[in-house]
Every structure is written in structure tokens, then in C-alpha cells.
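I opened the notebook with two places to look up.

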Amino acid sequence: MNDPIATPGGKLVLVEFDDGIAWVSLNRPDKRNAMNPALNAEMLGVLDALETDERCGLVVVTGAGDAYSAGMDLKEFFRESDRLAPEAWLQISRVAQTWQIDRLRHYPKPTIAMVNGWCFGGAFNSVVSCDLAIAAEEAVFGLSEVNWGIIPAGNVLKSVASVMSARDGLYYTLTGETFDGSRAAEMKLVNIAVPHAILREHTRALARTLLSKNRAAVRAAKHAFRRVGAMSWDDSDDYLAAKLDQLRLTDPEGGRNEGMRQFLDDKTYRPGLGGYQRDKSGSSGA
Ligand code: ACO
């Protein structure tokens, strides 16, 4: 792996490049990766930088040490903000939500949350906002806000409600009980849970699968998925038709025609069972 890229501050978020994957780790292990304002600002800078960094084809968000993230920093994000002017608080809060929600939900490259350990409150935002999420079976999740007398604001409840059922979401919101990675997978908060010992290996394999696909098609599909949920059937139909046309015009490797050619003429693969051979179309491998 290469050295971490230079990032503003550079200590609170680590980036490692590994064969097209950017492993992005929240890096305050002694504080269980609790998110303070400085970490949030650095994370926003890192996501901005990786967007156009050619070493990065896909982002994995995870945590250093034994935590994914213990949520927002109660001391630096909350208590020390009590004395700030409303405008300053709004700014701090906006930076957090911008990287956790706005940037990740609409990131131009695929994203995977790899939940390696403790995951509380505000940490749910990035897990839900990433395209896919994998947890260690042993990871511990909790909507602990109620345990210290607040509600899951910062749009955490919106994240929860977007992937969990009302029954499960309300249960854990109101009780503040913890649950493990296996239960998170059962409730579809994450796609899958695997033993911690193979978490990274499993995540890398999934990342390599995504990286093997047509990049433009993956980007268009993930953006479209986010958009169509709020549209009427007619609006969605029209939007997707336009998105498909846009993809045909802008896909640098002309995937649609190449995919049909390799199936119909060369008979070298079956689209139902896997992707076309991208090397033959002059696409990059990373
Ligand atoms: N904010 C600020 N500091 C934190 C946070 C946090 N969210 N989580 C952990 N820390 C700090 C602790 O204060 C402690 O600091 P210290 O060494 O200076 O005393 C250090 O991290 C280690 O924490 P421990 O509690 O000793 O670690 P342990 O492994 O025993 O427990 C656990 C881990 C369960 C995650 C525990 O730290 C905890 O409950 N943290 C708070 C979780 C939480 O409720 N987060 C807020 C969610 S709500 C929201 O995000 C809006």
C-alpha cells in the first residue's frame, strides 16, 4: 500500500490506496473514532480530494482500532458547542451532515461502509449513506441518543427510517438497546455480516467486483436509485429513459454495444451470469 495522501490536518482521517480501493479510516481510536468538528472537516476534504484522485475507484469508509465510530463527540461536538453563536453551531453541524449524508449519498464513485466495531448514533448516517455496508458479526450498534436524553437528530432518524422497518427502527430508537452485526444484517441496516477475521478480505472482494463493472453504468445506476424513490412512476420512467440516453452518449467505453457484441457475436460470456470483458473494450483495469 502507498503512504496516506496529504489531507488537511492529516491525522484524523487516514487514506490508504490498494488496487483501486481507497480505504478511508476515521482515526481517533483512543476516542473510539467519535466525530469531533476537526475530524468532520478533514473527512469532507478527503472525500473532495478522492473524487478526482485516479488512485481511487471506490471508497471504503471504516474506523481505526476497535470502533467504526462512537458517534458524535459529546464533548467537542456538543458540550463545547453550547457556548457558540447559533451561526457557528449551524456551520459545525452542516459540515458533519455534508460528508455523512450529502456527499456520500451522491458520491460519484461507489462507496462501502465497513463496520468493524462500535457504531453509535451519528455513525449510522455514513453507514446508511454509503451504497453498500458490511459489518463484522461482532460489531455493536446502538441508537444511544435516548440513553443520554436527546433524539437522533442530525438526520440520523431519517437515515434509520430509510433502511429499517418502522418496528425495528422505533424499537432501537426508543429502547437505546444495542444489537450486533448479524442483527444489523437481518434488519437490512447493512447488506451482510461476516466474522471480523474476514471482514477486510470480504470487503475487498466486494469492492473488486464493483470495480470490475462499467464505471459509468455503476455511477448512473447509483445516482438514479437515489432519485427515483421520491418520483412518481411517470416521472421516474421519463428520468430513467433520459439517464439511459445520457449514459449511452457519455460512457467512455461504449459498454452497451461492447456488452452486446461479446454476448451476441463473440459468445464469450453470459450477461445473466457476469460482466463483459472490459479489457477488450480498452477500459482501465483498476
Ligand atoms: N464522544 C466523546 N468521547 C467519547 C465518545 C463520544 N461519543 N465515545 C467514546 N469517547 C471517549 C471516552 O470519553 C473515553 O475518553 P477518555 O479516554 O479521555 O476518558 C474514550 O473515548 C474511550 O471510551 P470508553 O468509554 O472508555 O471506551 P469503551 O471501549 O469502554 O466503550 C463505547 C466504548 C461503548 C463506545 C463508549 O465509549 C460509549 O458509550 N461511547 C458513547 C457512545 C454514544 O452514545 N455516542 C453518541 C451517540 S449520539 C450521537 O452521535 C448524536
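**Pocket and ligand entries**

I checked the lining of the largest pocket by element, and H9 gives the largest share, six residues. The model is predicted, so I kept its limits in view: local features need pLDDT of at least 70, side-chain atom pairs count only at pLDDT 80 or more, and totals for chains, interfaces and linings use all residues. Numbering runs from 1 along each chain as its sequence is written, and side-chain values use heavy atoms, without hydrogens and water.

I noted the pocket rule: on a 1 Å grid over the protein atoms alone, a 1.4 Å probe finds an open set of points with protein on both sides within 12 Å along at least five of seven lines, and lining residues have an atom within 4 Å of a point.

The space in the largest pocket is about 770 Å³ (probe spheres set on the points fill this volume). I found 27 lining residues, and Arg 105, Val 128, Val 163, Phe 225 and Arg 226 are the closest to the centre. Helices H3 (86–105), H4 (123–129), H5 (156–163) and H9 (215–228) and strand E7 (132–136) each give two or more residues (DSSP runs, helices of at least four residues, strands of at least two). Domain 1 (13–211) and domain 2 (215–273) each contribute at least three lining residues (bounds from an automatic or database assignment).

I turned to the ligand. Its shell has 17 residues, with Lys 31, Ala 70, Met 72, Gly 122 and Ser 144 nearest (a heavy atom within 4 Å). Met 72 sits 2.8 Å from a ligand oxygen. Leu 74 lies 2.9 Å from a ligand nitrogen.

Terms used:
Polar contact = N/O pair within 3.5 Å; in protein donor to acceptor, adjacent residues only side chain to side chain.
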